[in-house]
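Subject: Structure handover: ligand site, pockets and cavity

Hello,

Please find the structure below. My notes on the ligand, the pockets and the cavity follow it.

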Amino acid sequence: MPDDSLEKIASEIIGCPLCKLSRNRKNAVPGEGQVSAKIIFVGEAPGKNEDEQGKPFVGAAGRILNIAMEKAGIKRSEVFITNAVKCRPPDNRAPEADELSSCRPYLERQISRISPKIICVLGGTAYSSILGGKSITADRGKLIRSKGQKYFLTVHPAAAIYNKSLRATLENDLFNLSKEIQRIENPDNQSILDYT
Ligand code: URA
């Protein structure tokens, strides 16, 4: 779609009738951030706070994500944050297969419009939906290339709400993600000392 824009995609998401999640939402949550973003973060689905505000990651999981991003030197204002599904599942259950597949074209359009350097996959639902991954616990911290797109895998911030050790895991992973972005931007700057 040559004239696709983030605004056009968002307005389609806001009026989307494609799956049953549309019936009970207060607000769809298309995502937010810059078209120039180098990183797209993809979570699972909006929760209660996100459904009320129409914005991604604004509740407890969002606060954990914000802290981890800040510690890694990643500015929220410079990335794009969205979810695998854009409407809240009832009682915060995991999104179902038909919901993920109805919503996937929106995520694909957001990705192709932004053309990020890396997609940061947050948690197992996004991992299995986007890449067919089986275990985020086993694979977190890894960088993957698939069909010319780089992906970085980490745990979902909500998993770190009650498991404090996962906060350090998330923070460490995002630090490595920021290093990877620096490597992509400065391929010459690979900790090689110039010998003169
Ligand atoms: N959990 C998610 O996966 N996404 C949000 O936006 C908030 C909580």
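In these notes Ala, Val, Leu, Ile, Met, Phe, Trp, Tyr, Cys and Pro count as nonpolar, Asp, Glu, Lys and Arg as charged, and the others, Gly among them, as polar. By that scheme, the lining of the second largest pocket has five nonpolar, six polar and four charged residues.

This is a predicted model, in which local features need pLDDT of at least 70 and side-chain atom pairs count only at pLDDT 80 or more, while totals for chains, interfaces and linings use all residues. Residues are numbered from 1 along each chain as its sequence is written, and side-chain values use heavy atoms, with hydrogens and water left out.

The ligand

Around the ligand are Gly-43, Glu-44, Ala-45, Glu-50, Pro-56, Phe-57, Asn-83 and His-156 (a residue is near a molecule if one of its heavy atoms lies within 4 Å of it). By class, this shell has three nonpolar, three polar and two charged residues.

Polar contacts are pairs of N or O atoms within 3.5 Å; within protein, one must be able to donate a hydrogen and the other to accept it, and residues adjacent in sequence count only if both atoms are side-chain atoms. A nitrogen atom of the ligand is 2.7 Å from an N or O atom in the side chain of Asn-83. Backbone atoms take part as well: a polar one of Glu-44 is 2.8 Å from an oxygen atom of the ligand, and an N or O atom of the Phe-57 backbone lies 2.9 Å from a ligand oxygen atom. Of the 230 Å² of accessible area that the ligand has on its own, the protein covers 92% (Shrake-Rupley method with a 1.4 Å probe; for residues, only the protein chains shown count as cover).

The pockets

Pockets and cavities come from a 1 Å grid over the protein atoms alone: a cavity is a set of points where a 1.4 Å probe fits but cannot get out, a pocket is an open set with protein on both sides within 12 Å along at least five of seven lines, and lining residues have an atom within 4 Å of a point. Grid points are joined across faces, edges and corners, and a volume is the space filled by probe spheres set on the points.

The ligand sits in the largest pocket, meaning that more than half of its atoms lie within 2 Å of the grid points. This pocket holds about 380 Å³ of space. It has 19 lining residues, and Ala-45, Pro-46, Gly-47, His-156 and Ala-158 lie nearest its centre. Helix H3 (48-53) and helix H4 (60-72) are the elements that give two or more residues to this lining; helices (H or I, at least four residues) are DSSP runs, numbered from the N terminus.

The second largest pocket has about 260 Å³ of space. Its lining has 15 residues, with Lys-38, Ile-39, Ile-74, Glu-78 and Ile-181 nearest the centre. Helix H8 (residues 164-185) gives the most to it, four residues.

The cavity

The structure holds one cavity of 30 Å³ or more. The largest cavity has a volume of about 90 Å³. Its lining residues include Cys-16, Cys-19, Cys-87 and Cys-103, and the lining divides into eight nonpolar, two polar and two charged residues. H5 gives the most to that lining, with three residues.

Regards
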